[in-house]
Protein chains: 2
Amino acid sequence: MARLSDIIEDFIKEMIDETDGQVEIQRNELAGYFNCVPSQINYVIATRFNSERGYFVESKRGGGGHITISRMSTDKPYDYIMHIILSIGDEISKHSADINIDNVADLELISEEEKNLLKAAINDNSLKSVPVFLRDKVRADILKNMLMKIII
Amino acid sequence: MARLSDIIEDFIKEMIDETDGQVEIQRNELAGYFNCVPSQINYVIATRFNSERGYFVESKRGGGGHITISRMSTDKPYDYIMHIILSIGDEISKHSADINIDNVADLELISEEEKNLLKAAINDNSLKSVPVFLRDKVRADILKNMLMKIII
DNA sequence: ATAATAAAGTCAGAGAAAGTCAAAGGTGAT
DNA sequence: ATCACCTTTGACTTTCTCTGACTTTATTAT
């Protein structure tokens with residue numbers, strides 16, 4: 001059951017694919033196209049095109065205003081994954097880990113199978129014996145260790 | 001006299017059969033159909049569609065929310081992996097885990113990359129924050145969960 | 001300069017869906 | 001009749017989405 005936000009997300013991603021990593025949108029125009037309030041575009045951008053997901057957003061208000069969304073470059077998979085590893089820190093929630101994993105999978109830096117394995121390794125079922133206060137720490141260790149293995 | 005939970009279980013299993021191993025349900029809708037409280041669906045899922053029984057469950061809350069249930073595939077020659085999963089027990093040493101992983105890789109049931117990921121997930125570096133007395137238990141959970149994901 | 005207009009941003013509240021948990025209700029074996 | 005185990009229920013919580021009123025910033029016309 002794809003919600004409107006999902007549809008808008010897909011639409012923007014297709015635009016980005018077609019334009020080689022960067023797209024400029026008009027918030028009101030896009031909202032008009034999808035028959036929603038303009039602020040929903042902000043919601044989609046905030047939840048789907050944030051930096052955790054590998055996107056960079058700039059905008060300008062006033063006449064001729066616009067929103068520019070850029071996808072981080074994946075020319076150098078090693079650098080990109082290394083960047084993620086470094087950004088993970090000592091702890092990571094399951095939600096945040098999933099986002100990072102989806103991100104590298106979306107960029108085709110890992111296969112679907114690898115994505116599934118990464119997710120299976122760090123979900124709460126795998127970590128059910130670990131005391132809750134330690135889980136996010138263990139999750140970060142596992143994720144970093146596995147990502148590191150991928151680029152080695 | 002079949003309890004309602006059994007009826008719901010059968011119903012979901014039939015849906016899974018018809019849709020080739022994976023089904024997406026709407027918790028409230030299903031509860032409405034069976035005239036029960038929504039949380040009964042959670043009960044059925046927790047008791048009948050858990051990983052010990054070869055199912056994987058994911059879900060999303062909020063508008064457009066849903067529950068996805070996947071069943072281990074039966075048409076692939078993965079009996080051996082299931083056998084290993086069942087034989088692992090509550091704990092497994094790193095050494096023993098490595099042997100099992102090598103075995104599965106030798107039989108070409110998983111790729112080299114998958115083998116590396118499995119090993120990376122369960123080594124002592126990944127588990128360095130886990131108290132030593134708990135490590136083999138966590139290792140067993142992670143390994144079983146990942147292997148299960150492979151045969152889904 | 002100033003005012004009007006044309007964008008985009010913010011934020012809180014309403015709504016939509018699933019999750020949790022403990023208490024109550026059945027059922028079957030001893 | 002009791003105990004242990006399974007099932008059912010519902011109140012409360014958490015997460016995700018959508019909306020609209022209000023604010024801020026930039027450009028254009030007077």
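**Entry 1: a strand pair in chain A**

I began with strand β2 (residues 55-60) of chain A, which pairs with strand β3 (residues 66-71) of chain A in the antiparallel sense over six bridges. Two strands pair if DSSP finds at least two bridges between them. I looked up Phe56(A) and found that its bridge partner in β3(A) is Ser70(A). The hairpin of β2(A) and β3(A) has five residues between the strands, and Gly62(A) there takes a positive phi near 70°.

I noted that this is a predicted model, where local features need pLDDT of at least 70, side-chain atom pairs count only at pLDDT 80 or more, and totals for chains, interfaces and linings use all residues. Residues are numbered from 1 along each chain as its sequence is written, while chains are lettered from A and ligands numbered from 1 in the order in which they are written.

**Entry 2: chain A as a whole**

I listed seven helices and three strands in chain A. Helices (H or I, at least four residues) and strands (E, at least two) are DSSP runs, numbered from the N terminus. From that end, the order in chain A is α-β-α-α-β-β-α-α-α-α. The C-alpha trace of chain A spans about 55 × 30 × 25 Å along its principal axes.

Ala, Val, Leu, Ile, Met, Phe, Trp, Tyr, Cys and Pro count as nonpolar, Asp, Glu, Lys and Arg as charged, and the others, Gly among them, as polar.

**Entry 3: where chain B touches chain A**

I saw that the contact takes 24 residues from chain B and 24 residues from chain A. Two residues are in contact if their C-beta atoms, placed from the backbone, lie within 7 Å. On the chain B side, α6 and α7 are the elements that give two or more residues. The largest share, eight residues, comes from α7(B). By class, the chain B side has nine nonpolar, nine polar and six charged residues.
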